[in-house]
Amino acid sequence: MSAPESFDRPSKPIPGASSPLRPLPKLIFASRWLQLPLYLGLIVAQAVYVVHFLVELLHLVEAAFGSKDALQALITSIGYKTTAPVGTLNETVIMLVVLALIDVVMISNLLIMVIVGGYETFVSRMDLEGHRDQPEWLSHVNASVLKVKLATAIIGISSIHLLKTFINADNYTDRVLIAQTVIHIAFLFSAMAIAYTDKLMTSNAPQGSGSH
């Protein structure tokens, strides 16, 4: 006959149950909501980008149908200069406008990452688990992952700007071209350094060991 077990088992925390915070920690923890106006402001900036995108797209369509005013608005917007007057929409102008639209989209994606990922990471849970529209990247987002994704997005934006500059290279000096190339390479190395640092931190994180 075995003796009854008399050892005390460690009590497990009850999910959803937590001791109330003291006033000062509660105030400090609640200060995270001060970031809410910042994210709301980024949503307004996102709306401005949407309006800008639609205006540029409308000018492109109107210029394709022969509107001189829309064509001039596009040329002014993209900073395209040439010795010969541009009377019709040509391939270079179309390419620069499309790259500008892609640039707006990529910056908009960056804003979404900052708004959604930042709010989820630093302010409050959004309870999107199981939602059919939950972004794939948000399922495993944290501060480190968010930094890597933002760095990657910045590289994409820098690449678009660099491509626009090279297409319109006649309007820039060699110093500007070299400077933009060096800045892009700096962004690239910065992203690689951030990703490598995150990998080192992840690999050096303590692993939970189970007893066998």
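Student: Why is Thr 165 called buried?

Tutor: Its relative accessible area is 4%. Buried means under 20%, exposed means over 50%, and partly exposed is in between (1.4 Å probe, protein chains only). With 4% set against that cut-off, Thr 165 counts as buried. By the way, this is a predicted model, where local features need pLDDT of at least 70, side-chain atom pairs count only at pLDDT 80 or more, and totals for chains, interfaces and linings use all residues. Residues are numbered from 1 along each chain as its sequence is written, and side-chain values use heavy atoms, with hydrogens and water left out.

Student: Where is Thr 165 found, and what is it in contact with?

Tutor: Thr 165 sits in helix 5. Helices (H or I, at least four residues) and strands (E, at least two) are DSSP runs, numbered from the N terminus. Leaving aside neighbours within four places in sequence, Thr 165 is in contact with Tyr 172, Leu 177 and Gln 180. Contact means heavy atoms within 4.5 Å.

Student: How many helices and strands does the protein chain have?

Tutor: There are 6 helices and 0 strands, so the pattern along the sequence reads α-α-α-α-α-α.

Student: How confident is the predictor in the protein chain?

Tutor: Look at pLDDT, the predictor's confidence in each residue, from 0 to 100. The protein chain averages 80, and 82% of the residues score at least 70. Among the helices, helix 2 has the highest mean, 93, and helix 5 (residues 143-167) the lowest, 83. Where pLDDT is low, the predicted coordinates should not be read in detail.

Student: Why does Arg 32 count as buried?

Tutor: Arg 32 has 18% relative accessibility, which falls under the buried cut-off, so it counts as buried. Its place is in the loop between helix 1 (23-30) and helix 2. Setting aside neighbours within four places in sequence, Arg 32 is in contact with Phe 122 and Val 123.

Student: What about Leu 60: why is it called buried?

Tutor: Leu 60, in helix 2, has 13% relative accessibility, so it counts as buried too. Leaving aside neighbours within four places, it is in contact with Leu 74, Leu 89 and Val 97. Leu 60 and Val 97 are 37 residues apart along the chain, yet their C-alpha atoms are separated by 7.6 Å.

Student: What makes up the largest nonpolar core?

Tutor: A nonpolar core is a set of buried Ala, Val, Leu, Ile, Met, Phe, Trp, Tyr and Cys residues joined through side-chain atoms within 4.5 Å. The largest one has 12 residues, including Leu 60, Leu 74 and Val 97. Helix 2, helix 3 and helix 4 (91-123) each give two or more residues to this core, and helix 3 gives the most, with 5. A second, separate core of 7 residues includes Ile 107, Met 113, Leu 146 and Ile 157.

Student: And why does Phe 65 count as exposed?

Tutor: Phe 65 has 75% relative accessibility, over the exposed cut-off, so it counts as exposed. It lies in the loop between helix 2 (36-64) and helix 3 (68-78).
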